[in-house]
Amino acid sequence: MKKLLFAAVCLISLSTVAFGQTGAITFNDNNGTPDSGTYNSTDTFTLDVNLTISGFNAAGLTANGLSYWLQVPQALAGFVTITANSYFTFIDPTQPAVPKNFSSTSGADPGFMSDFIPSNGESGDLGGTDNGPNEDVGDGTYHITSLTFALNGAPVGSYSLLTTMLNPRASEVGDNNFVGHNIPEAAYGITIVPEPSTWALAILGGLGMIGLAVRRRKQLV
């Protein structure tokens, strides 16, 4: 019942308020720079998702749940899938089913696709709720989820993984008064590089071209 009420508030709370200028979602694959990562086109990687809450304590509020969605550019959308999710802090997941693919335009920025659960048609909400008032949290930084992504022949290039901000998928934190507080857009940079075998073939091809050029030059001398 609590989960349904939280979801209903998220949908009807069109006049949500920001919960603090320092409130944010951040991502970290725990390998180098926290807000970006470099992967081969068929890699699997896991991102820890962290939420910082600021301004709740001063207002006498506590947080009891979170709804958020992710979006990627259309050029990457068909080549990445969320294959696993683990939940922390808000441990009662809203929509735990996987895989989640990026096949929806709902709540997505122009040129982006948001996550979706094709197996049951759910929106792909990646958040959850706690198990009661005793588990509410105040200001601080919390590990929310760990998400595993699988790439399937992703095109070489640089992309932005973003949280959604547009209705009906405005990412937000719910408080103990059942008011939703918008989360500023968060970004994670994904750089796709060629597979090592592709580099090897390119190098061999380049060496072959150099050898051919040298041979032709000798023949002309």
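What share of the 221 residues of the protein chain counts as buried? The figure is 43%, where buried means under 20% relative accessible area with a 1.4 Å probe, protein chains only. The model is predicted: local features need pLDDT of at least 70, side-chain atom pairs count only at pLDDT 80 or more, and totals for chains, interfaces and linings use all residues. Residues are numbered from 1 along each chain as its sequence is written, and side-chain values use heavy atoms, without hydrogens and water.

The accessible surface of the protein chain is about 10,800 Å², computed by the Shrake-Rupley method with a 1.4 Å probe. Carbon and sulfur atoms hold 60% of this surface. Contacts (heavy atoms within 4.5 Å) were also counted between residues at least 6 apart in sequence; 78% of these join residues at least 24 apart.

The protein chain has three helices and 16 strands. These are DSSP runs, numbered from the N terminus, with at least four residues (H or I) for helices and at least two (E) for strands. An open sheet of 10 strands shows mixed pairing, in the order E2-E4-E12-E7-E9-E10-E6-E13-E16-E3. Strands E2 (24-28) and E3 (36-40) are at the edges with a single partner strand each, so one side of each lacks a neighbour in the sheet. Two strands pair if DSSP finds at least two bridges between them.

Strands E4 (residues 44-53) and E12 (residues 140-151) are antiparallel, with 10 bridges. Thr-44 has Ala-150 in E12 as its bridge partner. Strands E7 (residues 80-87) and E9 (residues 100-104) run antiparallel and share two bridges. Here Thr-81 is bridged to Asn-101 in E9. Three bridges link E9 to the antiparallel strand E10 (residues 112-116). Ser-104 lies opposite Ser-114 in E10.

Technical notes. Buried < 20%, exposed > 50% of the residue type's maximum accessible area, 1.4 Å probe, protein only.
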